[in-house]
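Here are a few notes to go with the model. Have a look at the helices and the loops between them as you read.

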Amino acid sequence: MGGPFDDLTETVFADKAVLTESYQPETILERDEEIDAYSHALQDVLFGRKPENVFVYGKAGLGKTAVTKYMLTELHEEVRTRAAADELHTHTVNCNGRTLFMVVRSLVNELLPDHASQFPERGLGTGDAFDELYRQFDRIGGTHLVVFDEIDHLEDANTLLYELPRAKANGHISDAKVGMIGISNDYTFRRTLSPKVKDTLMETEISFSPYDAGELRTILEHRADRAFVDEACATSAIAKAAALAAQDMGNARQALDLLRVGAELAEQNGETPVTDDHIEAARDRVQRGRVANKIRDQTEHAQYILEAIANLQTSGEVPARSKEIQRTYEQVADSHAASPLSTLKSIQDHLSDLHMLGFLRRHEQNKGLSGGQYYEYELDLDPEIVLATRAEIAEHTE
């Protein structure tokens, strides 16, 4: 008797991992300007000088992290050939969901010698963690570049960005040279920093703009050469995935997802090559899956606010002010037997967060002395996807 997997064979993919987010390409395509800006910002490392602080901005899926990894790899290789360069040490910390203490503690534990005890989770404060971090930088010496990924999610970013750049001037570090690379999905992040932090940072800013259809097609063609067996994917399907992603968010991650899921659908149906129709069929699945996961990651009341704006959007009542959204949100919360947040400020804070995360478009209105200045909001995605996802979530929680 045959097993359930007996008839399954690989008919489309040669190396499916090439089309996933975690794959790090050997060659970075369509980011020459950003790589050039990065090269200039990091060049001081090659001459034994303190590295500049660099801040990298752009929405998710635009290549910020991939380019940063590539630049650090190239920098390490170049440092080995330069007599003037100090030994280079690079460290990466993701700030999402972490406190400042957790971020500094994780750096300390990475730097401690193998035989040393880990820095304790409790009993010591953030100041103690910074002191130990400085001791370890000096113990190791050389040049340290610290990458803070998703730094816009760190609540006390001001303290971090004030302390580290001033460590040497304040006498905390004597032998090591330390620079920072901050990666942010929020283009407005710098505006949230205090004036003294902005003066201290003196950073180079590198902004990653969305890809256009031609750039995405170049990236996909390069990946497709390795991802698929010969003649398993039509060139028009690659162009279709690139065009759809460019029309939406200009996002390489989305383009790769469309191509991969389209190929999966073709393989499931026993069809080759992958065609435009497979990509079109993948479109809804990719978008719904991504949005559903992002919505599920939000707090209960943030989800109610999204549901409220989706309701307003389907009835043509957007863009809407926060007061209008609050009224609909309260109805949504009541429908789920939940007590709504009581203040408009709480709603506005959630709206600001949801805008930063890419769920909402925000329009600034200035009506002068008579009407004042305020924001209006609308969804930056299909309201039907929000409502369908919320219905699924509600069905599984009731």
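1. This is a predicted model, and I'd start with the kink in H10: about 30 degrees, centred on Ala282.

2. What about the length of H10? The helix covers residues 276-296, and at 1.5 Å a residue its 21 residues should span 30 Å; the end C-alpha atoms are 30 Å apart, so the two agree.

3. Next, how do H7 and H9 pack? Helix H7 (residues 213-227) meets helix H9 (residues 252-268) at an angle of about 45 degrees, and their axes are 10 Å apart. The pair therefore counts as oblique, and the crossing is right-handed. On the H7 side the contact comes from Leu216, Leu220 and Arg223, while H9 brings Ala252, Ala255, Leu256 and Leu259.

4. Two cis peptide bonds to check. One joins Thr272 and Pro273, with omega about 0 degrees; Pro273 sits in the loop between H9 and H10. Another runs from Val318 to Pro319, again with omega near 0 degrees, and Pro319 is in the loop between helix H11 (300-314) and strand E6 (320-321).

5. Now the positive phi values. Glu150 is not a glycine, yet its phi is about 55 degrees; it lies in the loop between strand E3 (143-149) and helix H5 (157-163).

6. Ala337, also a residue other than glycine, has a positive phi near 55 degrees. Its loop links helix H12 (322-335) and helix H13 (344-356). Is Ala337 buried or exposed? Exposed, because its relative accessibility is 75% and the cut-off is over 50%.

Technical notes. Residues are numbered from 1 along each chain as its sequence is written. This is a predicted model: local features need pLDDT of at least 70, side-chain atom pairs count only at pLDDT 80 or more; totals for chains, interfaces and linings use all residues. Side-chain values use heavy atoms; hydrogens and water are left out. Helices (H or I, at least four residues) and strands (E, at least two) are DSSP runs, numbered from the N terminus. The expected span of a helix is 1.5 Å times one less than its number of residues. The bend at a residue is the angle between axes fitted to the seven residues ending there and the seven starting there. Axes are lines fitted to C-alpha atoms, for helices over the stretch in contact, and angles run from 0 to 180 degrees between N-to-C directions. Angles under 35 degrees count as roughly parallel, over 145 as roughly antiparallel, 65 to 115 as roughly perpendicular and the rest as oblique. A crossing is left-handed if the near helix is turned anticlockwise from the far one by less than a right angle, and right-handed if clockwise. Contact means heavy atoms within 4.5 Å. Buried means under 20% relative accessible area, exposed over 50%, partly exposed in between (1.4 Å probe, protein chains only).
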